[in-house]
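Trainee: I have a new model open and would like to go through it with you. Could we start with the core and then move on to the charged pairs?
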Amino acid sequence: MSQHSAAPAPTPTSAAAVATVAKRRDWWRDAVIYQVYPRSFADSNGDGMGDLEGVRSRLPYLRDLGVDAVWLSPFYASPQADAGYDVADYRAVDPMFGNLLDADALIRDARELGLRIIVDLVPNHSSDQHEWFKRAIAEGPGSPLRDRYHFRAGKGKNGELPPNDWESIFGGPAWTRVADGEWYLHLFAPEQPDFNWEHPAVGDEFRSILRFWLDMGVDGFRIDVAHGLVKAEGLPDLGSHDQLKLLGNDVMPFFDQDGVHAIYRQWRTILDEYAGERIFVAEAWTPTVERTANYVRPDELHQAFNFQYLSTEWDAEELREVVDRTLEAMRPVGAPATWVLSNHDVTRHATRFANPPGLGTQIRTAGDRELGLRRARAATLLMLALPGSAYVYQGEELGLPDVVDLPDEVRQDPAYLRGEGQDGFRDGCRVPIPWTREGSSYGFGTGGSWLPQPEGWGELSVEAQTGDPESTLELYRSALAARREQPDLGAGESVEWLKAPEGVLAFRRGEFVCVANTGAESVTTPAYGRVLLASGEISETDGEAKVPGDTTVWWTTA
């Protein structure tokens, strides 16, 4: 007999369900959190740019999808030099996204639907249009405002060389010289000067910002560049001529310094003053999962993104190793593991898994696209079966690939525009998502979209996939429903690995069994019980199951 995903009918959230969500203890330990990139999610006013009112209008979709919380990428007042990660005012909404009343309405509606809202916080750097920085430039050397950033005299006979050899993540020197001769540090774009967290005013300001948004009712914060706030004393030279290759692979003088943990212990005391189990999530690129665990000790943050898992190939041996290391690292600090496959900064996994390592985003044929989607579906079921919390990036539930053929003239990634450093192709995963088969921008809005959508985008839309039991959207809906219903899924600290053929991961969690075949050929495994869900078609005969290549199956022995 063949098995495939089934499409559950969405059910309204009752007042009792909302109350249950609000009172649920440790909800974040097994939460599925959906990342919304506001400019690419839904446009309410037809200007081609997504906005908060657009997000608000689509909250029922997210409820019916089955996620627990929504993480919003930055919507603060910003010149948009780096898609809002250059913040000019942390207490204001950028007009392109709406205003504070729109933010308030979104938070309130989410609560009514049983959803939590997590907002991005950008504490490593501000915009160069932030009032502090503008005053620091205007007042010149010796200004107290300059101490809130990293201003330094240059090296060389006339100070014409940068103060040290650090490189920007976006390429080129991490220093820019101003008209009066001093230099300022920016680990990202020149429009993003780094704060000096040794200055008490910086800490005071961000504690106030936390309270502002907590009082608005948000349920937590995703901390951008959480590993970057503290720099090594004296800002020493790194001495490497290929610094970008060290990112996430070694402790560096500007990343993952031990001093960041004192900041987060202070922040945790603030968060714990508020009812409702508000949380912190760290974007912390560290060399090892063991160092990542330092950020989620009991008196610091609640979760940290598992970038080691995100960067792992679709390979059973490699996946098992990172799963084991992650669970082992999180266990001593009592924190949940997190699992993520895509976000706004990386190639979507439906594209990433389409090619052997090293080919990046170059999908060459329709067969590549089909292979990438098949692996992405299988990888999703594997991720959602693991103990802990999972993150879903908008559009991955539709099986969206990266848009790899955007014309140069429409690209907006600052890394691309600088022409060095990162490859600068993050625009490909940021193209606005399709809601309808037809219409202006496939239902994104009435006035086109800020990045062009490819021809045929509508066939991947929510409208096209809803009700189709073979679609990726219905696979996600079914998986998230089963994850809620199965008592052995969600939070946990370990898995029981089962004997499996080469290229296959098989594990048990109580009465639940997951089998993921990462190889190209079909394999035969025991039929472990009743099939809950499968990412592809399988067959069972006489107590055995034939699992095709690049397919994941969920069983229950209950």
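Trainee: Which residues touch the most other members of the largest nonpolar core?
Mentor: Of its 128 residues, Leu62, Phe221, Tyr264, Trp267, Tyr309 and Trp554 do; a nonpolar core is a set of buried Ala, Val, Leu, Ile, Met, Phe, Trp, Tyr and Cys residues joined through side-chain atoms within 4.5 Å, where buried means under 20% relative accessible area, exposed over 50% and partly exposed in between (1.4 Å probe, protein chains only). Keep in mind that this is a predicted model, in which local features need pLDDT of at least 70 and side-chain atom pairs count only at pLDDT 80 or more, while totals for chains, interfaces and linings use all residues. Residues are numbered from 1 along each chain as its sequence is written, and side-chain values use heavy atoms, with hydrogens and water left out.
Trainee: New topic, then: how many salt bridges are there in the whole structure?
Mentor: A search finds 32, each being a side-chain nitrogen of Lys or Arg within 4 Å of a carboxyl oxygen of Asp or Glu. One of them joins aspartate 68 to arginine 484, at 2.8 Å from N to O.
Trainee: Is aspartate 68 buried or exposed?
Mentor: Aspartate 68 is buried, because its relative accessibility is 11%, whereas arginine 484, at 52%, counts as exposed.
Trainee: And what does glutamate 474 pair with?
Mentor: Glutamate 474 forms a salt bridge with arginine 477, with the closest N and O atoms 3.0 Å apart. Glutamate 474 is buried at 3% relative accessible area, and arginine 477 is buried too, at 9%.
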